[in-house]
Amino acid sequence: MLEIVLLAMVAAFLGLRLYSVLGRRAEHEEESVPQRFDADDKPAGVVHPATAAAVAAPRAPELEGVMPAVERGLREIAAADNTFNLGQFLEGARGAYQMVLEAFWQGDRETLRELCDDDVYAGFVAALDAREAAGETLDNTLIRIEETRIHSASLDGRMARIALLFVADVAAITRDKDGNVIAGSLDDAIESRDVWTFARNTAARDPNWVLDETDEG
């Protein structure tokens, strides 16, 4: 009888221990296990490719308000010429605009030859010849460039062309052979709107763009 009681006590004790162990294991198994790809478990510094592209290549402020076709042309030019930088191009174009105007006003053919292609240079020279034949001179001053806006952009083969609208204030005076003012005034600046197209062969070693076409804006 005593042996039966002892066996019963041992069985009860083992049963309690087994329940205790299994019960704790079950509680742990019910807890959620963090998954490798949970939102809070992503490795630091990992960025979605689309987000990475947006961070690496933000939209240039110069492209604000530009038509999709124009932006596409600029991106094609940049793809063909890895040295192309839109901000630097616009800065250089503004400088070229001022240099060409001043060279034309002063009759500086050498500077015009450096900055213009053959057709544009020929047009400027014809105007200079006519002005000089009439004995007239220009006493013009570029007051400021109010605006520079991208008008169009294209890549034809390897030839890149970008047209810009320049809005500028110019004080213009025309004098006769005796120095008398026959047109214009230095007191009243006039607004000048010009669309100039600059071109460059992206396969050429020369990084400079030349004035390829001029038109009124």
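Ala 203 sits in the loop that links strand S4 to strand S5 (210-216); helices (H or I, at least four residues) and strands (E, at least two) are DSSP runs, numbered from the N terminus. With a relative accessibility of 52%, Ala 203 counts as exposed, where buried means under 20% relative accessible area, exposed over 50%, and partly exposed in between (1.4 Å probe, protein chains only). Along the chain, Ala 203 and Met 159 are 44 residues apart, and their C-alpha atoms are separated by 8.2 Å.

The model is predicted: local features need pLDDT of at least 70, side-chain atom pairs count only at pLDDT 80 or more, and totals for chains, interfaces and linings use all residues. Residues are numbered from 1 along each chain as its sequence is written, and side-chain values use heavy atoms, with hydrogens and water left out.

Arg 200 belongs to strand S4 (residues 181-201). At 7% relative accessibility, Arg 200 counts as buried. Its side chain has a polar atom 3.2 Å from the backbone oxygen of Ala 204, and a polar atom of the Arg 200 side chain also lies 3.0 Å from the backbone oxygen of Asp 206. A polar contact is a pair of N or O atoms within 3.5 Å; within protein, one must be able to donate a hydrogen and the other to accept it, and residues adjacent in sequence count only if both atoms are side-chain atoms. Apart from neighbours within four places in sequence, Arg 200 is in contact (heavy atoms within 4.5 Å) with residues including Asp 81, Arg 158, Met 159 and Trp 209.

Trp 209 is also part of an aromatic cluster, together with Phe 84, Phe 89, Tyr 97, Phe 166, Trp 196 and Phe 198. The structure holds nine aromatic pairs. In one of them, the ring centres of Phe 84 and Phe 89 are 6.0 Å apart and the planes meet at 50 degrees, so the pair is tilted. Rings of Phe, Tyr and Trp (its six-membered ring) pair if their centres lie within 6.5 Å; planes under 30 degrees apart count as stacked, over 60 as edge-to-face and the rest as tilted. Both members of this pair count as buried, Phe 84 at 15% relative accessibility and Phe 89 at 8%.

Phe 89 is one of the buried residues of H4, among them also Leu 86, Tyr 97 and Trp 105. The 21 residues of H4 should span 30 Å at 1.5 Å a residue, which agrees with the 30 Å between its end C-alpha atoms; the expected span is 1.5 Å times one less than the number of residues. Asn 85 caps the N-terminal end of H4, with a side-chain oxygen 3.1 Å from the backbone nitrogen of Gly 87. After H4 comes Gly 107, whose phi is positive, near 75 degrees.

Helix H3 (residues 68-80) has buried residues that pack against helix H4 (86-106), strand S2 (141-156) and strand S3 (159-175). These buried residues are Val 70, Glu 71, Gly 73, Leu 74 and Ile 77. They cover an arc of only 160 degrees around the axis, which puts them on the same side of H3. The face turned away from that buried side carries the exposed residues Pro 68 and Ala 79.

As a whole, the protein has six helices and five strands. Of its 217 residues, 28% count as buried.

Technical notes
The arc is that of the directions from the helix axis to the C-beta atoms.
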